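This report goes through selected features of one structure in turn, beginning at the surface and ending with individual residues.

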Amino acid sequence: MSLFGTINNSAGALQTAQIGLQVIGNNIANANTEGYIRQELIQTTPAPSRIGNLVLGQGVRAAAVVQKVDQAVLERLWGATSDLAAATLRQKTLGDVESLLNDLNGAGLSDDLISFNESLHDLATEPNDPSLRTNVIQSAESLSSEIKRTYATARSYQTDLDASLGDTVDRINSLTTKLGDLNVRIMTIEGGRALASDATGLRDERYRTLDELSQLIKLNVEEQASGSVTVLVGGDYLVAENNVRELYVSHEREVNSGKVLFVDNEAEVQILGGELKAMTEGRDSLLGGVLDGLDQLAADLIREFNTVHSQGQGKFGFESLTGTVALDDRAALDQAGLTWPVEGGSFDISLVDESGAHISRHRIDVRKGNPQTASNVSSIVSDIDAIDGIRAEVLPSGEIQISSDVPGVRFTFGEDTSGFVAAAGLNTMFAGSSAETIAINSLLKTQPEMLAISAGGIGADTNTITSLVDLIDQPITRNGGESIRESYSSVISHLSQSAANQKASTQGLQQYYSTLQSENMAITGVNIDEEAIKMIGYQRAFQASSRVISVASEMLDILTNL
């Protein structure tokens with residue numbers, strides 16, 4: 001026990017107060033720095049010393065400078081960041097598709113379906129009006145074009161999301177490489193946690209990097225005893241100390257189907273959240289479902305209208321007709337490339353004169369079942385070619401071509417119980433087989449008078465056009481009883497409901513994220529008032545310790561002068 005001990009204790013207090021003021025000054029300087037985590041000086045009391053019967057304290061020492069962090073809150077915040085980022089991107093994708101299909105500009109598919117059906121109504125009331133025939137063909141062409149345009153736009157959205165996967169994976173690789181480097185630098189400065197202090201600036205940067213990475217993909221972050229962090233994705237490690245597993249996007253299958261894989265073992269990454277999850281879901285489930293719905297709409301439209309139209313007659317019979325479908329004439333019917341499967345049955349070909357008067361009717365059988373006797377395209381064409389007055393062949397490109405070989409003789413189709421005529425693209429209203437290929441039959445564009453009106457003979461009745469009217473509202477058995485219009489409405493309804501649910505979910509996640517962010521800021525953020533109070537405390541401690549040293553020095557001077 002001596003005055004020198006008193007001076008030494010107070011000197012330690014002065015040094016601690018100075019360090020405390022430096023930490024406070026750094027906090028205040030970074031009060032508005034994004035991502036800065038508040039620092040705190042940890043003070044400890046050294047072991048006391050024993051002098052006689054007395055045990056005396058040794059003052060105070062600055063033990064460490066650490067960050068004020070609640071790791072559990074941060075981990076919840078990173079999880080919420082991933083969920084919110086995924087929900088926000090999912091909502092945007094739904095909004096884009098909803099705008100595409102919701103007919104906001106008055107020129108969408110719903111309006112085109114209505115216009116097409118109304119044009120059929122108009123023609124049914126005045127079947128001999130050539131302008132109304134032209135109007136039906138133009139309405140059908142507009143509907144086909146709108147289906148193709150909508151499909152192409154939805155496909156472009158899908159392609160954009162697929163391309164974004166590569167950009168996002170590149171960002172992930174850049175961030176994980178940065179994390180590996182930060183791990184090494186932090187372990188080096190902290191001595192593998194041999195020091196009690198945190199490598200504060202580097203740890204700030206690592207937390208910011210983890211936050212950015214969590215927006216892209218959902219993470220599980222575990223801090224190790226060495227001071228490094230291990231980043232896990234779906235149970236597989238992505239970063240461990242300075243070991244980083246690079247990712248890449250594989251496009252080995254069809255377009256718009258990229259998978260995210262690890263480079264080292266080509267295992268697929270389990271994507272549980274973040275923008276990467278929203279991209280794959282938007283591409284595969286959302287846009288994939290919309291594209292499938294448009295394909296179904298186009299296929300139903302083509303099949304239903306072509307089936308009816310192919311059995312009808314226009315104003316005249318055909319002098320020559322080429323199918324719109326390329327076929328394999330030697331293969332079995334199920335493998336011949338027909339637009340849809342056909343049944344065993346038959347169809348009629350009638351020969352008529354130039355005025356449409358009936359000459360003769362011929363039945364063509366379509367046999368299925370026994371491979372030895374079953375029909376193929378070649379045998380059907382041969383049966384047609386055997387009819388006196390017409391000839392038939394399969395062109396080198398695969399289409400069936402039928403032509404009159406007697407002047408003044410023409411032909412029509414009817415009573416098709418097999419579905420072959422329409423499936424082969426003969427006497428159809430639409431060409432193509434999907435939303436990407438649907439189009440109005442080019443023959444009708446150049447010869448509107450060939451639009452089918454009658455079912456019992458040219459000019460005999462209006463049964464075909466009557467059957468086409470409101471066909472979009474007729475139940476389709478193979479679709480579970482849904483009509484063409486109902487099928488499309490189901491796509492729109494499901495999309496609208498999904499968009500509404502996603503909006504509510506995103507709002508809820510935003511509120512949850514904001515709550516966690518506020519909780520984290522209360523812990524990590526700099527409060528100027530609190531720092532000012534601490535600063536005054538260190539100032540008073542410094543002044544008091546200085547006064548103790550001054551008094552002890554005066555007492556020491558007195559002792560030395562005795």
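In this predicted model, the nonpolar surface patch draws at least two residues from each of two helices, α1 (3-29) and α12 (528-561). The patch is made by Leu21, Ile28, Ile528 and Met535, and its area is about 290 Å². Methionine 535, which lies in helix α12, has a relative accessibility of 36% and therefore counts as partly exposed, since that class runs between 20% and 50%.

**Packing of α2 and α4**

Helix α2 (residues 71-101) packs with helix α4 (residues 130-190) at an angle of about 170 degrees, and the two axes are 10 Å apart. Because angles over 145 degrees count as roughly antiparallel, this pair of helices is assigned to that class. On the α2 side the meeting residues are Thr93, Asp96, Val97, Leu100 and Leu101, while α4 contributes Arg149, Thr150, Thr153, Ala154, Tyr157 and Leu161.

**Salt bridges**

Side chains of opposite charge can pair when their charged atoms come close. With a cut-off of 4 Å between a side-chain nitrogen of Lys or Arg and a carboxyl oxygen of Asp or Glu, the count comes to 23 salt bridges.

| Pair | N to O distance |
|---|---|
| Lysine 218 and aspartate 83 | 3.0 Å |
| Arginine 283 and aspartate 162 | 2.6 Å |
| Glutamate 223 and arginine 203 | 2.8 Å |

The side chains of lysine 218 and aspartate 83 meet in a salt bridge. Lysine 218 lies in the loop between α5 (200-216) and β5 (220-223), whereas aspartate 83 belongs to helix α2, so this pair ties together parts that are 135 residues apart in sequence. Lysine 218 is partly exposed, with a relative accessible area of 27%, and aspartate 83 also counts as partly exposed, at 27% relative accessibility.

A salt bridge also joins arginine 283 to aspartate 162. Arginine 283 sits in helix α6 and aspartate 162 in helix α4, so the pair ties together parts that are 121 residues apart in sequence. Are these two residues buried or exposed? Arginine 283 is buried, and aspartate 162 is buried as well.

Glutamate 223 and arginine 203 also meet through their side chains in a salt bridge. Glutamate 223 lies in strand β5 and arginine 203 in helix α5, so the parts tied together by this pair are 20 residues apart in sequence. Glutamate 223 counts as partly exposed at 32% relative accessibility, whereas arginine 203 is buried, with a relative accessible area of 3%. Both residues take part in a network of salt bridges that links Glu190, Asp198, Arg203 and Glu223.

Glutamate 266 has a positive phi of about 60 degrees although it is not a glycine.

Lysine 277 is found in helix α6 (residues 274-309) and is partly exposed, its relative accessible area being 24%. Once neighbours within four places in sequence are left aside, lysine 277 is in contact with Arg90, Ile271 and Leu272. Between lysine 277 and leucine 123, which are 154 residues apart in sequence, the C-alpha to C-alpha separation is 51 Å.

Methionine 429 is found in the loop between α8 (420-423) and β17 (430-431), and this residue is buried, with a relative accessible area of 0%. Which residues is methionine 429 in contact with, leaving aside its neighbours within four places in sequence? They are Phe116, Phe305, Asn306, His309, Ala439, Ile440, Asn441, Leu444, Leu451 and Leu468. The C-alpha atoms of methionine 429 and arginine 361 are separated by 23 Å, with the two residues 68 apart along the chain.

Methods: Residues are numbered from 1 along each chain as its sequence is written. This is a predicted model: local features need pLDDT of at least 70, side-chain atom pairs count only at pLDDT 80 or more; totals for chains, interfaces and linings use all residues. Side-chain values use heavy atoms; hydrogens and water are left out. Helices (H or I, at least four residues) and strands (E, at least two) are DSSP runs, numbered from the N terminus. Buried means under 20% relative accessible area, exposed over 50%, partly exposed in between (1.4 Å probe, protein chains only). Contact means heavy atoms within 4.5 Å. Patches are made of residues with over 30% relative accessible area and no salt bridge: like charges are joined within 9 Å, nonpolar side chains (Val, Leu, Ile, Met, Phe, Trp, Tyr) within 5 Å. Accessible areas come from the Shrake-Rupley method with a 1.4 Å probe; for residues, only the protein chains shown count as cover. Axes are lines fitted to C-alpha atoms, for helices over the stretch in contact, and angles run from 0 to 180 degrees between N-to-C directions. Angles under 35 degrees count as roughly parallel, over 145 as roughly antiparallel, 65 to 115 as roughly perpendicular and the rest as oblique.
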